[in-house]
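Hi,

Here is the structure I promised to pass on. Have a look, and my notes follow below.

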Amino acid sequence: MKEIESNKHAWGQISEDHYLHFKNTLLEGSHKLNKYIQSEIGDLSGKKIIHLQCNTGADTILLAKMGASTVGVDLVPGNILYAKKLAEDLGVTNVDFIEANIMEFMENHNEKYDVVFVSEGAIGWLPDLKKWGKTIRHLLKDDGFFYVFDGHPIYLMFDARKLSENITEIKYPYFGKEPDVDDSIGGYASETKYGVKSYFWMFTVSDVINSLISAGLHIEYFNEYRENFFDEGGCKSVGDGLFNYDFNNDLFPMSFSLKATVYQQNRREYSRL
């Protein structure tokens, strides 16, 4: 798919920048899983976890430090190269990384995991959430769980530049299905790089929930939060790895979390396959 290949190229332009940024923040202890993830993910000691769309592996390494045997998966060769280097630099050995397209991953990967984990800015880079949901179920043990923390689609509708001026103007249609095309990449952990084409697909709350339900998963909770996980411009740090606008007290959600498990009936049926 040309859009995915274009995204692979675009993200590859900032792999080294992300590696250097996250190496510094991990060494100084400033890069942490935000407070919502920390409180919701639970005890990972002894668990086998797979982190989808792991970028250069910073959060994967944090999960490994929580006692999990961890695997990170990413589309971009440079991200995997630097993720492995990052783990080596930090002396983290209970982690591995796989280069793979999530849209094709379940066709050639049959390992099962206690936890399938997705976080912060990942979902919109995928063109088919139904396939995403099936992939999550394919990877998940019958008694395991799926967890995601990502940007809320209501927040993603707004023009970020105008939000910094307290103007809530919709730029991206909530129900839009054509990907937004940008000529740049980066900006939150690297300098913005131009001369690329990156594609981002808008998604709805129901897209996320229904993709998981249709794959045989049960939604344990769907939580919405005022804060974002990075400053897109005009936000202030509110601590614990989170950011918000001064004016956004109760106006709109900026992020969400979701936990899902396998339906009991589907556990029995899946075990007979």
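Where is the place of N228? It sits in the loop between β8 (217-225) and β9 (236-239); helices (H or I, at least four residues) and strands (E, at least two) are DSSP runs, numbered from the N terminus.

Before I go on: this is a predicted model, where local features need pLDDT of at least 70, side-chain atom pairs count only at pLDDT 80 or more, and totals for chains, interfaces and linings use all residues. Residues are numbered from 1 along each chain as its sequence is written, and side-chain values use heavy atoms, with hydrogens and water left out.

Back to N228: it is buried, at a relative accessible area of 1% (buried is under 20%, exposed over 50%, partly exposed in between, with a 1.4 Å probe and protein chains only). Leaving aside residues up to four places away in sequence, N228 touches Y155, G241, L242, F243 and M254 (contact means heavy atoms within 4.5 Å). The N228 side chain also reaches the backbone oxygen of F230, at 2.9 Å.

Then there are two backbone spots to check. Most residues other than glycine have a negative phi. Q53, in the loop between β1 (48-52) and α4 (58-65), has a positive phi near 60 degrees. Q53 is buried, with a relative accessible area of 16%.

E120 also has a positive phi, near 55 degrees, and is found in the loop between β4 (113-119) and α6 (129-139). E120 is partly exposed, with a relative accessible area of 25%.

Cheers

Terms used
A polar contact is a pair of N or O atoms within 3.5 Å; within protein, one must be able to donate a hydrogen and the other to accept it, and residues adjacent in sequence count only if both atoms are side-chain atoms.
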